[in-house]
Amino acid sequence: MKGLKKIALATAVAAAPFAAQAELKALNDSAMGNVTGQAGVTIELETKVSIGQFKYTDEGSFAVNDIVLGGAGVTEDGAVLDGAGNITNGLLDQLKIDIDVADDGDAVIHVGTLDGNPIDWGMTVGSMELLAGGTGTGSTTLISNMSGWGNLAQLDMRVDTATDHLNIVAAFDVQDMDFDVDFLGIGIRDMVVTGAGMNFDYDGNGDTAQQEVDAGTGVVEGIDMTQTGANLMLGKLTSYANVNLDVYKGAGLGASTATNVLRVDVNNVYMDVNIADIQIGGDIAGGNGQSIGSVNLDNLAITDTKLAIYGHDISPVTTP
């Protein structure tokens, strides 16, 4: 009798999948239209990061000391104070990071904002130094007292499965940056980086953005001005420094025989750069250097620039 019960139980378990299958029904197109899912992932972020020291060591070392990254308020010039004197913009905040996988398998990452405004950023660096190997007694300070803040208007990254390229597109500005180049005795004050403006030809058709606006064709630097958000797109292109580059594994350049190296292809960089004051000599760090004037770079364009990055072997030192 017990044996019969065990056989019945085993038969019921074996038959369960077929019984369940009998209840399944195919969904028609109308029913499928009511099925919803989640497309991608969104991450909201606010942060402030401090790093005491970053050091890269080969035979000697390169060290970056006292790094702070956050909102514009981490810098003295970029800080916004409330009525009580508290800094209100010290965090790198209002970030919204969207991560999706396209139908062709590409990974798409978009850094946007929660409030629709550009992301204010700020950073300070105490010093950048070269340190001698061995006992590490010798050192040279390259840059010190670095402080800068600005805005990030666009950051898009895409990993293309067809080419294995990481494409990065960014639009940003630097509202103010100061630093000292200690080993040369040079101080840079109030450096500003912005877009190339309306007097630049971005698409290479021979007409500047302003000339295309004046022509009234409805297309400005490849942007259809009748589409929604066209003015915002044009403003992002002309008001902010624009960077477009590809990062991937490839071969060396020219006659190089290197393979499987880190390649960085700079497709384009468009910007204006203004340095309000360059100081030389005297107490640079104390702001008492001798001013030699200002520098302005209008419509700076870097295109068709390629880098191949890889390690190298050091030949052994032999003695006779």
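## A first look around the structure

D106 is buried, with a relative accessible area of 2%, where buried means under 20% relative accessible area, exposed means over 50%, and partly exposed is in between (1.4 Å probe, protein chains only). This is a predicted model, in which local features need pLDDT of at least 70 and side-chain atom pairs count only at pLDDT 80 or more, while totals for chains, interfaces and linings use all residues. Residues are numbered from 1 along each chain as its sequence is written, and side-chain values use heavy atoms, with hydrogens and water left out. D106 is a handy way in, as it has a salt bridge partner in R158.

**Salt bridges**

- The structure has three salt bridges, each being a side-chain nitrogen of Lys or Arg within 4 Å of a carboxyl oxygen of Asp or Glu.
- In one of them, D106 meets R158, and the closest N and O atoms are 3.0 Å apart.
- R158 sits in strand β7 (residues 139-160) and D106 in the loop between β4 (92-101) and β5 (107-113), so this pair ties together parts that are 52 residues apart in sequence. Strands here are DSSP runs (E, at least two residues), as helices are (H or I, at least four), and they're numbered from the N terminus.
- D180 pairs up with R189, with 2.7 Å between the closest N and O atoms. Both D180 and R189 are buried.
- R263 and D265 also join in a salt bridge, at 3.0 Å from N to O. R263 is buried at 8% relative accessible area, and D265 is buried too, at 11%.
- As a bit of background, side chains of opposite charge can pair when their charged atoms come close.

**Strand β3 and its partners**

- Seven of the 10 residues in strand β3 (residues 61-70) are buried, so the rest of the structure largely encloses this strand.
- On one side of the pairing list is strand β2 (residues 49-57), which runs antiparallel to β3 and is joined to it by eight bridges. Two strands count as paired if DSSP finds at least two bridges between them.
- A hairpin of three residues links β2 to β3, and I51 has I67 of β3 as its bridge partner.
- Strand β6 (residues 119-131) pairs with β3 as well, again antiparallel, over nine bridges. In this pairing, G70 is opposite G122 of β6.

**Around N244**

- N244 is part of strand β12 (residues 241-250) and is buried, at 19% relative accessibility.
- Its side chain makes a polar contact of 3.1 Å with the side chain of N167. A polar contact is a pair of N or O atoms within 3.5 Å; within protein, one must be able to donate a hydrogen and the other to accept it, and residues adjacent in sequence count only if both atoms are side-chain atoms.
- Leaving out residues up to four places away in sequence, N244 touches N167, I168, V169, D265, V266, N267 and N268, with contact meaning heavy atoms within 4.5 Å. One of these, D265, is the salt bridge partner of R263.

**Aromatic pairs**

- The whole structure has three aromatic pairs. Rings of Phe, Tyr and Trp (its six-membered ring) pair if their centres lie within 6.5 Å; planes under 30 degrees apart count as stacked, over 60 as edge-to-face and the rest as tilted.
- F200 and Y202 make an edge-to-face pair, 4.9 Å from centre to centre with 75° between the planes.
- Y202 also pairs edge-to-face with Y270, at 5.6 Å between centres and 80° between planes.
- Y202 is in the loop between β9 (186-194) and α3 (209-215), while Y270 is in strand β13 (residues 261-280), so the pair ties together parts 68 residues apart in sequence.
- Together, F200, Y202 and Y270 make up one aromatic cluster. F200 is buried at 12% relative accessibility, and Y202 and Y270 are both buried as well.

**Nonpolar cores**

- The largest nonpolar core has 28 residues, of which F179 and M191 touch the most other members. A nonpolar core is a set of buried Ala, Val, Leu, Ile, Met, Phe, Trp, Tyr and Cys residues joined through side-chain atoms within 4.5 Å.
- The elements giving two or more residues to this core are β3, β4, β6, β8 (165-181), β9, β12 and β13. β13 gives the most, with six residues.
- Another core of 10 residues lies apart from this one, and its members include A196, F200, Y202 and Y270.
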